[in-house]
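Open the model in a viewer and keep the selection panel at hand.

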Amino acid sequence: MSYPATSREIQLASRPEGWPADENFRLAEAKVPELQDGQILVRNTLMSVDPYMRGRMNDAKSYVPPFQLGAPLDGGAIGEVVESRAGTHKAGDTVLHSLGWREYAVLDARRARVIDTGIAPASAYLGAMGLTGLTAWAGLTKVAGFREGDAVFVSGAAGAVGSIAGQIAKALGASRVIGSAGSAEKVQRLRELGFDAAFNYHDGPVRDQLKAAAEGNGIDVYFDNVGGDHLEAAISVLNKYGRVAMCGAISAYNSTEPQCAPRNLFQAIGKELTLRGFIASSYNEYAGEFAELMAGWLRDGKVSYDETFVDGLANAPQAFIDLMKGANTGKMVVRLS
């Protein structure tokens, strides 16, 4: 195909106050930069929307820079190399990179990884085989120090990371895996994925439902995607020397006022708990080890994954908004072509 002159992209039009809305995004057209030595041109076919992107929409210092107003957003994407001026990549390669939210991306070849779609479909590299899966595995094993026989609780368990974390815990020999989700349909799906127990957090106090699901034995590991009342409940039910991997706090991402800390945080002292936050990129050195393990689990059927697809770049903002409201089961993926 001929070199494209322009590319459509989604820009951040304004910073959300509370929940993101359509007016915070803009569909725009931009000139495609000329390819330089060492660079590749990629036609994006799939892109990811993820909860962490909400924090980047605020003008606040964090572990990743905030999105800039009037500039395209970015995030995980899969695409086909259209043209290459790098010896490491050739036209036709399928690659994973971080310049999503646009139709075409020009980037240094070293920032794009060629993926093997013979192991798993391309979309899996945005989910189970990609950063999502690494987050689940690293959080469980490297951060929470999972040990065979541990009882594990995962909040937001029907989401992309949570559903994988629970299945990995089962594959590694957890004595019991409990998940929370926001609908009866999602709870049923968690049981189908092999969770020993699951509950709808809308059905009653999280603490009471978690305690009942643990059957009086407590939990040893909490994989936290939600924060708030889920973290407070987990602290109450955690056994002595319990560990918490703090992956996310989606309950607070759209709050305009700071949330109170867990009211029972003092219990962490007497129980000698470990609460540890983490970001997946700090564990990139283990990506190869993880990919080999995950490929085996997928092949053996020990781990499966769900995907919710939305079609069209123009619909990417709505896909993100829906994600924040829990409309997805598993990974939310936008198909660009």
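**The cavity lining**

The lining of the largest cavity is made up of four nonpolar, four polar and two charged residues. In this classification Ala, Val, Leu, Ile, Met, Phe, Trp, Tyr, Cys and Pro are nonpolar, Asp, Glu, Lys and Arg are charged, and the others, Gly among them, are polar. The model is predicted: local features need pLDDT of at least 70, side-chain atom pairs count only at pLDDT 80 or more, and totals for chains, interfaces and linings use all residues. Residues are numbered from 1 along each chain as its sequence is written, and side-chain values use heavy atoms, with hydrogens and water left out.

Select G127, A128, T132, A160, S163, I164, Y305, D306, G330 and K331 to show this lining. Helix α3 (residues 160-171) gives the largest share, three residues. The space inside is about 40 Å³, and the structure holds one cavity of 30 Å³ or more. A cavity is a set of points, on a 1 Å grid over the protein atoms alone, where a 1.4 Å probe fits but cannot get out; a pocket is an open set with protein on both sides within 12 Å along at least five of seven lines, and lining residues have an atom within 4 Å of a point. Grid points are joined across faces, edges and corners, and a volume is the space filled by probe spheres set on the points. Helices (H or I, at least four residues) and strands (E, at least two) are DSSP runs numbered from the N terminus.

**The second largest pocket**

Next, select G227, G228, L231, M246 and A249, the closest to the centre of the second largest pocket among the 15 residues that line it. This pocket holds about 200 Å³ of space. Helix α6 (residues 228-237) supplies the largest share of its lining, three residues. By class, the lining has eight nonpolar, four polar and three charged residues.

**The nonpolar cores**

Which residues touch the most other members of the largest nonpolar core? Among its 46 residues, they are V152, I168 and M294. The largest share of this core, six residues, comes from α2. A nonpolar core is a set of buried Ala, Val, Leu, Ile, Met, Phe, Trp, Tyr and Cys residues joined through side-chain atoms within 4.5 Å. Buried means under 20% relative accessible area, exposed over 50%, and partly exposed in between (1.4 Å probe, protein chains only).

Centre on I168: leaving out residues up to four places away in sequence, I168 touches G133, A136, W137, L140, M294 and W297 (contact: heavy atoms within 4.5 Å). A second, separate core has 22 residues, including M57, F67, A316 and I321.

**Salt bridges**

The whole structure has 17 salt bridges, each a side-chain nitrogen of Lys or Arg within 4 Å of a carboxyl oxygen of Asp or Glu. K331 is buried at 4% relative accessibility, and D50 is buried at 14%.

Then select K170 and D196, whose closest N and O atoms are 3.1 Å apart in a salt bridge. K170 is partly exposed at 31%, and D196 is partly exposed at 34%.

Finish with R207 and D208, a salt bridge with closest N and O atoms 3.5 Å apart. Salt bridges that share partners also join R189, E192 and D306 into one network.
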